[in-house]
Amino acid sequence: MRNLLYVLLIIFSIYACDSNSASVTNDDDDDTSQIIKSGPTGIYILSNGNSTRNIRDYDFITGYSLRFNWLDFETSKGVYDFTVIDQAIEELQALNQKLTLELLLFNTPEHVLDEANETWGQPNEKPVPWDENALDSWKEMVSALANHEVALSNGTMVPLSQHPTLETIDAPIMGLGGIRDLSGELVKLPSYTRQKFMNAVNTSIGAMRNAFSEKYGFLAIFKMDDDDTTNPLDEVILEGLMNDYNNEGQPTLGFFQELLSDVGPTEDGIGALLSLVKDDTYIMFQALTSWTSPFTGEDKVTSGKPAVGIELGYTNFNAKYFELYVTDIDNEDLWDDFRHWSDVLLGESED
């Protein structure tokens, strides 16, 4: 009898421990997943270069996406001009709007090119992503950007990485930008190896995400191949990034494409990589063109309504963040659609 009671006690103890452990783990997973999936939300206006002139005080606007090149603010080695960021934050916090920073890499500072051991690309020459000297310059720039002090509304100065108006910042790959090389040139360079490239990807993205760990981060991602067709380069990189980010205790990383239209991206086409992770992190879209005044891809925006693109991104990719051109934002005929979708994206109404 005593032995039977002892056995029953052990079984009960094991069951209780397993039940408690499962409960804690599931709660943590649910909480973490909810934080990650929420991501940045709302309708954002795209800047026209490094300028604040497209900022608008409309009730359906959540924020402003400021786009600028590395060359725009690092005028010489170690000399930075972040005036446009200061101006954007001052204007946006007065409107209670958020800021997204998009760092473009079309133009590299001359001193970075001069110190690089290897460059590639024409007409916009860039260091190769694995160039150690250029990566050092990249990390110094990221540190300067994160530590740049900006005023709160009460005049207190805080590092940009801690400023509440800044909500989202991209995490591009030095010497490349997103996971994309339309020329196919990079992977054919004699110095290229997959491991070297992947290490460079981790270094570039890691520098930005660690410096801005409390902000949402994102990376543009498209199909990209090398000679190893058995294990596709883009999928291997994506899997590695999902292991390094978006888990408990890690910075977040969402994924981005700037091709939103009436007809795409599609889940089985250019948006296929986004489909792989849409349930595990946040997806962000930028319009391919203006629906009101198309400057490219006119046949892809024949509806004349950005709401068609927003619905596509929301329905097919769980996206809740959309960047639109100011010509559409200023079109009063579209405002009712924008108000509806703003409420949906911010969780204030159902679709």
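Which residues is Ile89 in contact with, leaving aside its neighbours within four places in sequence? I looked this up in a predicted model, where local features need pLDDT of at least 70, side-chain atom pairs count only at pLDDT 80 or more, and totals for chains, interfaces and linings use all residues. Residues are numbered from 1 along each chain as its sequence is written, and side-chain values use heavy atoms, with hydrogens and water left out.

**Entry 1: Ile89**

With contact taken as heavy atoms within 4.5 Å, I found Leu99, Val150, Ala151, Leu160, His163 and Thr165 for Ile89. I placed Ile89 in helix 3 (residues 83-95); helices (H or I, at least four residues) and strands (E, at least two) are DSSP runs, numbered from the N terminus. Leu160 is 71 residues from Ile89 along the chain, and their C-alpha atoms are 9.7 Å apart. The relative accessibility of Ile89 is 0%, so I noted it as buried (buried is under 20% relative accessible area, exposed over 50%, partly exposed in between; 1.4 Å probe, protein chains only).

**Entry 2: aromatic pairs**

I counted rings of Phe, Tyr and Trp (its six-membered ring) as paired if their centres lie within 6.5 Å, with planes under 30 degrees apart as stacked, over 60 as edge-to-face and the rest as tilted. The count by this rule is 17 aromatic pairs. Trp70 and Trp138 are edge-to-face because their planes stand at 80°, with the ring centres 5.4 Å apart. This pair links helix 2 (residues 70-73), which holds Trp70, to helix 5 (residues 132-147), which holds Trp138, across 68 residues. I noted Trp70 as buried at 1% and Trp138 as buried at 0%. Phe73 and Phe82 make a tilted pair, 5.3 Å centre to centre and 40° between the planes. I also found Tyr58, Phe60, Trp335 and Phe338 linked into a cluster by ring pairs.

**Entry 3: salt bridges**

I took a salt bridge as a side-chain nitrogen of Lys or Arg within 4 Å of a carboxyl oxygen of Asp or Glu, and the count by this rule is 10. For Lys278 and Glu267 I read 2.9 Å between the closest N and O atoms. Lys278 lies in the loop between helix 8 (272-277) and strand 13 (283-287), and Glu267 in the loop between strand 12 (254-260) and helix 8, so the pair ties together parts 11 residues apart in sequence. Lys278 is buried at 17%, whereas Glu267 is partly exposed at 36%. The salt bridge of Asp336 with Arg339 has its closest N and O atoms 3.8 Å apart. I noted that Asp59, Asp336 and Arg339 are linked in a network of salt bridges.
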